[in-house]
Amino acid sequence: MSVVSGSGACRMTLGTLASRYGYELVPPSSEGVTVTSLADEVDSVIPGSLYVPAGSVNMERLEHAAMRGAYAALVPQALRGAVDRLSMPLVLGECDDARLAAMAQELTGAKTLAMFACYGEEAGQVQRQVEQLSEFLHVLGNPVGVISAADTQSLEQYIGLHYPLGVLDVQRVLSVCAEDGANAVIVSMDERTLRRGALHAVGLDVFGVDDVPDSRLREVCAAACDRYGCVMDERGKAVGRTAESDALARQADEGEHGGSWEVLSLAIAMAMAAGVRRANIRSALRVSRELS
């Protein structure tokens, strides 16, 4: 279900949309209409939605969206004449994933979350890294959300979604995580989980990947960000396992789990990159060992 709803304090008028993104309203008098959600599929439209069709659009889909309670639709200029047959105004202009993500982020008013991304060529390995990092951050005392085709959740709440996820799906999860009190979200950066461009308007804090030379970490991160639409500024960290994280993971694992220390090592390296102190790492490893 590709829909993002606004928080109680965040609403968006068509006039605001038009002025901020250079859109045209038909009729112009609809500038005061307030939308409370964004939907890119007809079946996801709820009363108050701005319908932003994914892919091509026709009159039948627009009429269906209006019947489901859409307050307006964002469509190309070529559909200007459709307003005469609809019971809702039209917002005329183009909308790519970057704009859609920005609108969703503005509508939800979600707080900034620390964003971790696990990346790799083998989906099963990436999933193990996501699970290990989630467990490790939890032991460190961080309320965590996870975005993964295997298991998307906000703290202990599982979120039912259809994969791979699009822009609105991701923004919806981030909004739920923020409302639930999470302070970090871990993303499984793979094709099963995400569509191309799904992470627009998402800034990564830590990007983790295994078996990549240090000299290529930024290059691999840049390619992944280009594919999925996210950004990482100069404060972000692209990391792999380090000698220090390997040593800590080996010591904690004690050779009992058939090589799982490598997955743990990457989680340790990512936590360190986020600023977690070595003493806290050791304490978390001790707690985790006792719990297991």
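A residue counts as buried under 20% relative accessible area, as exposed over 50%, and as partly exposed in between, with a 1.4 Å probe and protein chains only. By that criterion, 51% of the 292 residues of the protein chain are buried. The model is a predicted one, in which local features need pLDDT of at least 70, side-chain atom pairs count only at pLDDT 80 or more, and totals for chains, interfaces and linings use all residues. Residues are numbered from 1 along each chain as its sequence is written, and side-chain values use heavy atoms, leaving out hydrogens and water.

Begin with the whole chain. Its C-alpha trace spans about 70 × 35 × 30 Å along the principal axes. Nine helices and 15 strands make up its secondary structure; these are DSSP runs (helices H or I, at least four residues; strands E, at least two), numbered from the N terminus.

Next, select the open sheet. Six strands form it in the order β1-β5-β6-β7-β8-β3, with mixed pairing; two strands pair if DSSP finds at least two bridges between them. At the edges are β1 (3–5) and β3 (24–26), each pairing on one side only. From one strand to the next, the twist averages 20 degrees.

Now select β3 together with β8 (residues 90–92). The two strands run antiparallel and are joined by three bridges.

Methods
Axes are lines fitted to C-alpha atoms, for helices over the stretch in contact, and angles run from 0 to 180 degrees between N-to-C directions.
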